[in-house]
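Subject: A structure to look through

Dear colleague,

I am handing over the structure below, and after it I have written out what was found. Please keep the picture open while you read, and look up each residue as it is named.

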Amino acid sequence: EEESPVTQKTCPLLLRVFTTNNGLHHQMDKFSRGNIPSSELQIYIWMDATLKELTSLIKQVYPEARKKGTHFNFAIVFTDLKRPGYRVKEIGSTMSCRKGTDDSMTLQLQKFQIGDYLDIAITPPNRAPPPSGRMRPY
C-alpha cells in the first residue's frame, strides 16, 4: 500500500497564553528582559485553531469566564525585529454564548509565529470592554 503524498501530520504547538480580567491587555514592559506576566496558561493547539475554539479552552480553565456576555479580546505579542522589545497586535474578539464575526479567525491567518505569545483581555459581562481598534501607544 502506497501512502499518498498529501497525508501530512501537523503537530500541535505549545501556545503560551496570558490573560487579564480587566479588559485591558498587559503592558508590553511585562514581557521585557525575560519577564512574563504571572497569568500564564499553556495550551497545545494547532495553527488553524479558531478564536472561538480558544475561547472555549479558556472557559474550561476559568469558570467565571463562562458567564454569558463575557468579552474576550485576543492579541498576538511578538518580538519586534526593528526595535528591541515586544509589540502587540489585536487580532479579534469573541463573546461567551454569542456568535461573532471573529469566531472563525485563526492564528495562522493572523501570521502567528511559533514563539509569539497570545494575550487575552477578558472583560466581565457587566463591564463594557474598552473600545478596540485604537491601539494604545506603548
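Before we come to the strands, one term is needed: two strands are said to pair if DSSP finds at least two bridges between them. Please also bear in mind that what you see is a predicted model.

With that term in hand, we can begin with strand 3 and its partners. Strand 3, residues 71–79, is joined to strand 4, residues 86–95, by nine bridges, and the two strands run antiparallel. At one place in this pairing, His71 stands opposite Met95 of strand 4. Strand 3 and strand 4 form a hairpin with six residues between the strands, and in this hairpin Gly85 takes a positive phi near 100°. Strand 3 is also joined to strand 5, residues 117–123, by seven bridges, and this pair likewise runs antiparallel. Here Phe72 has Ile122 as its bridge partner in strand 5, while Ile76 stands opposite Leu118 of strand 5.

How much of strand 3 is buried? Seven of its nine residues are, so that the strand is mostly covered. Asn73 lies in strand 3, and because its relative accessibility is 9%, where buried means under 20%, Asn73 counts as buried. The side chain of Asn73 is joined to that of Glu90 by a polar contact of 3.4 Å.

Helix 1, residues 51–61, deserves a careful look of its own. Which of its residues are buried? They are Leu51, Leu54, Thr55, Ile58 and Lys59. These residues lie on the same side of helix 1 because they cover an arc of only 140° around the axis. The cover over the buried residues of helix 1 includes strand 1 (13–20), strand 2 (40–45), strand 3, strand 4 and strand 5.

Is Lys111 buried or exposed? Lys111 is exposed, because its relative accessible area is 61% and exposed means over 50%.

Lastly, here are some totals for the protein. Of its 138 residues, 38% are buried, and the accessible surface comes to about 8,900 Å², of which 53% belongs to carbon and sulfur atoms. Among the contacts between residues at least 6 apart in sequence, 67% join residues that are at least 24 apart.

With kind regards

Key. Residues are numbered from 1 along each chain as its sequence is written. This is a predicted model: local features need pLDDT of at least 70, side-chain atom pairs count only at pLDDT 80 or more; totals for chains, interfaces and linings use all residues. Side-chain values use heavy atoms; hydrogens and water are left out. Buried means under 20% relative accessible area, exposed over 50%, partly exposed in between (1.4 Å probe, protein chains only). Contact means heavy atoms within 4.5 Å. Accessible areas come from the Shrake-Rupley method with a 1.4 Å probe; for residues, only the protein chains shown count as cover. Helices (H or I, at least four residues) and strands (E, at least two) are DSSP runs, numbered from the N terminus. The arc is that of the directions from the helix axis to the C-beta atoms. A polar contact is a pair of N or O atoms within 3.5 Å; within protein, one must be able to donate a hydrogen and the other to accept it, and residues adjacent in sequence count only if both atoms are side-chain atoms.
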